[in-house]
Amino acid sequence: MVGSGLGVWKLMRGVRQLELHRLILALIIFCLLSMAFLAYYVSNSPKIKEAPPLPFSDCGGGGGISLGVSTGDAEGGPGGQRAPLFLPPRQGQLHHVKDNLKTEPVVLVFVESIYSQLGQEIVAILESSRFHYRTEIAPGKGDMPTLTERNRGRYTLIIYENVLKYVNLDSWNRDLLDKYCAEYGVGVIGFFKANENSPFSAQLKGFPLYLHSHLGLRDYRINPAAPLLYITKPNQMEQGSLPGDDWTIFQSNHSTYEPVLLARTKTSDTLAHFGPSPLRALHATVIQDLGLHDGIQRVLFGNNLNYWLHKLVFVDAIAYLTGKRLCLSLDRHILVDVDDIFVGKEGTRMKVSDVEALLNTQNKLRALVPNFTFNLGFSGKFYHTGTDEEDQGDDMLLQHRMDFWWFPHMWSHMQPHLFHNVSVLAEQMRLNKVFAQVGNIITLGSLTIWKLDFLQ
């Protein structure tokens, strides 16, 4: 009996150990599968960013300004957007460009990785412009994200951080994407930044376009005939060398390509095979594809967004390719605050000559910015606390009070967050209000600058 009982006990013990081993193995497998799934999800799932509602309802209008500077011309005027009226379909017959109002106002951004620098810069511009966008890791042979839903396009613009990922798509995905762009009137923006593995010269696969890389350039200028120009204005040439020696230029004899930005090469032997006088030749670093080749409009950059002019052209390209559904207004507003107008130690405060200089400067700026007005911040406690000359300067400021705008600081120039209670803060505001009433500087036109209801 003892022997049989011992045998049963050993058998049960073995079974328990086997079950424990299986449980541990199952837990290990489950953890590994979870980690693999998480890694796949993080690296391949789209990153969606929702922006506030677009406030640019008059984006396609003129550049009228109030208290602002117009940085471009109105649509239809000199330098305005001149969209092509017709594009050839793939069958070769001309037809009207399909209205991309059948698409959602969302930009699809294909990035190299979620950490790539250029991809983050693209996203930063989209976010600062308050454009809706969605990021995807650029597929090689993987599945293309769903482009349509309920007979509507999900995206109004496609952006590729690396244009080679676009041209080297497998035939199925490339055909799928191109058909979507042609059907819904969706444009493509692409960037090519040369690296150590980039060839010096190559033809862009599937296009009558050649790329020449690893170049040093100088004397940047804007092509005034480029149709996409809106915010960007073709002013004087940006003289001097461009940063870096990794620029790419585009060359083609096809009429579909219109240069946007052009530059010269730094040295004569760089592109000697281009012609007898390469230094005097201008080469396109940013080009606009009008869609005359395959019915799809594109804008291609021969570098990244580090150069300031590329940022402007990038915003213009977004506006042009989306029919100004996504664009920035031409209105610009400038406000200059002159803080602590009465504050300062003796010898550092404004005198009559300083006030006259302030008025003269304001008048000069008004010739450029209609209705430009300095905004003066005041702390009443420090009025007439300087020298006799400085006190005269204070008096002159009040004599010309209607020539400026005014806004209150604390009466004693203390920081509001340093007060211990609301009553002390209210008293400081009240004292400054009394000073403003005595000096008749309370209002800005018909708009009262005092907002003290919360204190009453």
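A salt bridge is taken here as a side-chain nitrogen of Lys or Arg lying within 4 Å of a carboxyl oxygen of Asp or Glu. The model is predicted, so that local features need pLDDT of at least 70 and side-chain atom pairs count only at pLDDT 80 or more, while totals for chains, interfaces and linings use all residues. Residues are numbered from 1 along each chain as its sequence is written, and side-chain values use heavy atoms, with hydrogens and water left out.

**View A. The salt bridge between arginine 298 and aspartate 294.** In this pair the closest N and O atoms are 2.7 Å apart. Both arginine 298 and aspartate 294 are buried, where buried means under 20% relative accessible area, exposed means over 50%, and partly exposed lies in between (1.4 Å probe, protein chains only). The structure holds 16 salt bridges.

**View B. Arginine 218 and aspartate 219.** These residues form a salt bridge whose closest N and O atoms are 3.3 Å apart. Arginine 218 is partly exposed, at a relative accessible area of 29%, whereas aspartate 219 counts as buried because its relative accessibility is 10%. Through salt bridges that share partners, Arg218, Asp219 and Arg264 are joined into one network.

View C. Aspartate 175 pairs with lysine 179, and 3.2 Å separates their closest N and O atoms. The two residues are about one helical turn apart, because they stand four residues from each other in helix H4 (residues 171–184); helices (H or I, at least four residues) and strands (E, at least two) are DSSP runs, numbered from the N terminus. Aspartate 175 is partly exposed with a relative accessible area of 34%, while lysine 179, at 51% relative accessibility, counts as exposed.

**View D. A nonpolar patch on the surface.** Ile24, Ile28, Leu32 and Met35 form this patch and together have about 410 Å² of accessible area, as given by the Shrake-Rupley method with a 1.4 Å probe, only the protein chains shown counting as cover for residues. Patches are made of residues with over 30% relative accessible area and no salt bridge, nonpolar side chains (Val, Leu, Ile, Met, Phe, Trp, Tyr) being joined within 5 Å and like charges within 9 Å. Isoleucine 24 lies in helix H1 (residues 2–44) and counts as partly exposed because its relative accessibility is 42%.

**View E. The second largest pocket.** On a 1 Å grid over the protein atoms alone, a pocket is an open set of points with protein on both sides within 12 Å along at least five of seven lines, a cavity is a set where a 1.4 Å probe fits but cannot get out, and lining residues have an atom within 4 Å of a point. The second largest pocket has a volume of about 350 Å³, a volume being the space filled by probe spheres set on the points, which are joined across faces, edges and corners. Its lining comprises 22 residues, of which Asn162, Leu164, Phe192, Lys193 and Ser198 lie nearest the centre. Helix H3 (163–167), strand S10 (201–203) and strand S11 (210–215) each give two or more residues to this lining, and the largest share, three residues, comes from S10.

**View F. The largest cavity.** This cavity holds about 30 Å³ of space. Residues lining the largest cavity include Val163, Phe192, Leu211, Phe250 and Leu300, and the elements giving two or more residues to the lining are strand S9 (187–191) and strand S17 (298–301).
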